Structure formats: structure tokens, C-alpha cells
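Open the model in your viewer and follow along. Each stop gives you something to select and tells you what is there.

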Amino acid sequence: MKKRYALLLLALCSISALAQQSSFTVGTATAAAGQKSTGYIEVPAGADAATGIPVVVVRGSRPGPILALVSGAHGTEYASVIAIEKLIQALDPAQVSGTVILLPLVNIQSFEQKVPHLNPVDGKSMNRFYPGKQDGTQTDRASYLITKQVVERCDYLIDYHGGDLDENLRPYSYWPKTGNDKQDAITRDMTLAFGLNHIIVTTDRPKDPNASRYLDNTANTRGKPAIAVEAGYSGTVETDDVQVLVNGTLNVMRYLKLLPGTAPMVEHPVWIGKVDTVASEQNGIFYPLVQRGTYVEQGMKIGYVTDYFGNTIFEAHAPAAGVVLYICGVPSMKKGDAIANIGEIMK
């Protein structure tokens, strides 16, 4: 009897240990196999205020890779934020093989205060200070915790962006080439599976994991294949922009075998090898002459700036032939502000 009791106790302990091993925790969110859990990555106070980053863990019913989906580093790039919210509701743990970590809104202060580009607490972009540091400002501390709790624990990552309040942007993605052929083949397939047919090829991202700067680069420098995607423009939440981000994510999950089914790829992508930024040389009122997605020739006039009496004081011309990835979507213009980004098509 004692031997049978001991064996039963051992079996129960083994089952308990297995169940504990099958759970996954990020911040205050813990999900066992077949569960979905919500919580926060709690960023403690330091040189400035504390904050909390919403996090969702979807723990699949079957084993598989860990995929991180991160949005809202710029809190007024609304379409990407809403896309992750849609995915939180849509993902069924019973259908998932592996684990999905979702951060729908990294920069809550930007979102709540409607401040574009920056975290209003410390004036920093929340996609420029990775891998972060524990003793820095709020952006630094948040970046550090995302690096430790999300990037370093995932196998793959997608970083979501879009046109901010002042950016009239066409959808596109980034293929970050690292020089590691195996990793680059995976990220290339991830961009093609995502389905955005304009893809920027980047080769100039930092190589030092301690100075990675961008979120997707932080993952790539740690051997975790990662891409960045952009859709949405000028503060709008258009159904097409949200849906292209949702559908693209689901298709990448099929490619990575987190979801069942085949993953069709973009058949004829437009590869962009260089991005030229056109900046204003004057303060004033901006008038665009082209729209997002317009193909332009070198020297073509794409907009102009007037003084506050309507006199033209600066003309903006395309520095090279290419496609308008985004153009300023508001009349407000300061000297040095970006008027447009022109993507040069690779031959």
C-alpha cells in the first residue's frame, strides 16, 4: 500500500511539474497550455514615472515556436495598435501550436495624450533606444524589460508601425539583411508571407546587440528572425489597413507552423534598396503635390512650402526616381521636418 501511495504521489508530482513547465509568463500574464492570459509588464519608477505595458500570452494547445507581436511604440500609429487588438480576440489557443506574445500598446502615454513620434514623459522615440537600460528614463527602462522579457525569450518577432498623425503612408515592410544566410532566408520569407508587396531591404542596421537601437534589430542581433511592417496613415483606422496587418500576421503564423494551413507568398514584390528623405528648408505651410504610393521621376516637384502670407519659399523635389512611401499629411511644417520618403526601386 505504501509503495502504491508513493508511486501515486510521484505520478501526481510529475503531472504537476509538467503542468507548471507548460505554462508561460510575461510580466503578470501567465498562460498554461490551451489558455490566453492578460497582464502588464510593469516598468518601475526611476528618473521619471512608472508605467505598465499591456501584454497578452496565448499559449497553444500543442508545442511550437514562440512568436512576439509588438505594436504601439508610437502610440498614434493607430491602425497597427487596433490590428493587434483584433488579433488578441481572434487567436484561439486551441488552434495554436506554440506561444504568441502580444504587446498591443508599448507607448500608452503617446496614445492617451495624442503625441506623435515620441514618449511625452521623456521626449524619446520608443523604437530608438534598444536594448535599453535599467537606470535610464522611462523609454530606456521599458526597452530594457521588453528586451529581457520578450525579445530574448521569443523565437521570432514582428514589429508593427504605420503612418503617424502627420504621415500619409503607403503600406510596406522591411527585410533586414544581417549577413547570416540562414536567418536572412527566414526573414525574407516572413516578409513575403506577410503579403505587403513593397519591401525595403535594409543592410545598415547596427550589428552590436548592445547598441541595437530598433526593436526588430534587437531581435535579429540576438539570432531571432524579426521583421517590421507598416500600414495606416495620418491617424486613420481604415478597415483595409487593419485587415492587411491582421491577415499578414496570420499568414506568417502559418509559415512558422504556429497555425495550420499553407502560407502563400507575394509573387512579384517591389524591392526597395534605398530610402531618400526630403526635408524642408523653411518653416511655413506645406502643400503636397503627390500622394502616398505615387511613382515619381528624379527632379519631379512633390510639394512646396509657403510663408504665412501664401508666398512660396521652398520647393521640394524628388532626389531620385522611386515611389512615395509617405508624404507629410498636414500643413504644419518646420525647418528640418521630413516632407517625404522616396523609395528607390532595386533593379
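Begin with strand E12, residues 270-279. This strand gives five residues to the lining of the largest pocket, the most of any contributor. Keep in mind that you are looking at a predicted model.

The largest pocket holds about 1,100 Å³ of space. Select Arg 128, Glu 167, Tyr 174, Tyr 326 and Asn 341. Of the 44 lining residues, these are the closest to the pocket's centre. Colour the lining by class: 17 residues are nonpolar, 13 polar and 14 charged.

Move to the second largest pocket. About 160 Å³ of space lies there. Select Thr 178, Lys 207, Asn 217, Asn 220 and Thr 221, which lie nearest its centre. The lining has 13 residues in total. By class, eight of them are polar, three charged and two nonpolar.

Last stop: a pair of helices. Select H5, residues 181-194, and H7, residues 239-255. How do their axes cross? The axes come within 8 Å and cross at roughly 135°. Angles over 145 degrees would count as roughly antiparallel; H5 and H7 are therefore oblique to each other. Their crossing is right-handed.

Show the side chains where the two helices meet. On H5, pick Ile 186, Asp 189, Met 190, Ala 193 and Phe 194. On H7, pick Val 244, Leu 245, Gly 248, Thr 249, Asn 251, Val 252 and Tyr 255. This contact has eight nonpolar residues, three polar and one charged.

Notes:
Residues are numbered from 1 along each chain as its sequence is written. This is a predicted model: local features need pLDDT of at least 70, side-chain atom pairs count only at pLDDT 80 or more; totals for chains, interfaces and linings use all residues. Side-chain values use heavy atoms; hydrogens and water are left out. On a 1 Å grid over the protein atoms alone, a cavity is a set of points where a 1.4 Å probe fits but cannot get out, and a pocket is an open set with protein on both sides within 12 Å along at least five of seven lines; lining residues have an atom within 4 Å of a point. Grid points are joined across faces, edges and corners, and a volume is the space filled by probe spheres set on the points. Helices (H or I, at least four residues) and strands (E, at least two) are DSSP runs, numbered from the N terminus. Ala, Val, Leu, Ile, Met, Phe, Trp, Tyr, Cys and Pro count as nonpolar, Asp, Glu, Lys and Arg as charged, and the others, Gly among them, as polar. Axes are lines fitted to C-alpha atoms, for helices over the stretch in contact, and angles run from 0 to 180 degrees between N-to-C directions. Angles under 35 degrees count as roughly parallel, over 145 as roughly antiparallel, 65 to 115 as roughly perpendicular and the rest as oblique. A crossing is left-handed if the near helix is turned anticlockwise from the far one by less than a right angle, and right-handed if clockwise. Contact means heavy atoms within 4.5 Å.
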